[in-house]
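I opened my notebook to go through this structure one feature at a time. Here is what I looked up, in order.

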Amino acid sequence: MHIRTASAAEMLALWGENPDHPSPTARFNCENIESGSATLFVWDRSGVLVGELYLFRSLSDPDFADGKKRAYFCALRIRKNLRGQGLGTALMEHVIAQAAREGFTELTIGVEYSEEANIRLYHRMGFTEPVKDCVFDPCSMDENMKPEAHTGFQLLLKRL
């Protein structure tokens, strides 16, 4: 099993999306991957993708990612049957190192208030500074390709 970058086409397959008619959020992610504004990092287990994490370099809300010093981690996911084995931690460490190599000095990550296990993981990884409470997700698009309203989550900051 190893960590690597993945293509937009692989992201669509991972999400079970129709490549000819992807959802607005999938389309947004594909456009950002293809333009280099985002990179999808995956855990690859003999050709099967078992985890994912996106590094967005620039977003419409600079509190998340400003394209200069601050980048955003989005959608950390590990298959349920593989959780608790350190894969999420290793994936985050890999992407943190990549962001640092690219010259970013701050990273942000969003977390829902009820996701206690994720909050513990993110705090352990150094995402301890609250930036703001959010009601729009700049990586989740509605049918008009505008950031989708959200029930609420907290944006956390890690300084490198």
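**Pocket lining.** I checked which elements line the largest pocket: α2 (24-35), β4 (70-78), α3, β5 (106-111), α4 (116-124), β6 (129-141) and β7 (147-159) each give at least two residues. The names follow DSSP runs numbered from the N terminus, with helices being H or I of at least four residues and strands being E of at least two. β4 supplies the largest share, seven residues.

I noted that this is a predicted model, where local features need pLDDT of at least 70 and side-chain atom pairs count only at pLDDT 80 or more, while totals for chains, interfaces and linings use all residues. Residues are numbered from 1 along each chain as its sequence is written, and side-chain values use heavy atoms, with hydrogens and water left out.

**Pocket size.** The largest pocket holds about 850 Å³ of space. Of its 34 lining residues, Ala-75, Leu-76, Glu-115, Asn-118 and Tyr-122 are the closest to the centre. A pocket here is an open set of points on a 1 Å grid over the protein atoms alone, where a 1.4 Å probe fits, with protein on both sides within 12 Å along at least five of seven lines; lining residues have an atom within 4 Å of a point. The volume is the space filled by probe spheres set on the points. I sorted the lining into 16 nonpolar, eleven polar and seven charged residues.

**Strands.** I followed β7 next. β7 pairs with β5 in the antiparallel sense over six bridges, and Ile-109 stands opposite Leu-156 in β7. β6 and β7 are antiparallel too, over eight bridges, with Lys-132 opposite Leu-155. Strands pair if DSSP finds at least two bridges between them.

**Core.** Which residues have the most contacts inside the largest nonpolar core? They are Leu-55, Phe-73, Leu-91, Met-92, Leu-107, Tyr-122 and Phe-127, in a core of 26 residues. α3 gives this core its largest share, six residues. Such a core is a set of buried Ala, Val, Leu, Ile, Met, Phe, Trp, Tyr and Cys residues joined through side-chain atoms within 4.5 Å.

**Ala-99.** I found Ala-99 in helix α3 (residues 87-101). Why does Ala-99 count as buried? Because its relative accessibility is 0%, and buried means under 20% relative accessible area (1.4 Å probe, protein chains only). Leaving out residues up to four places away in sequence, Ala-99 touches Leu-55, Phe-104 and Leu-107, where contact means heavy atoms within 4.5 Å.

Definitions and conventions. Buried means under 20% relative accessible area, exposed over 50%, partly exposed in between (1.4 Å probe, protein chains only). Ala, Val, Leu, Ile, Met, Phe, Trp, Tyr, Cys and Pro count as nonpolar, Asp, Glu, Lys and Arg as charged, and the others, Gly among them, as polar.
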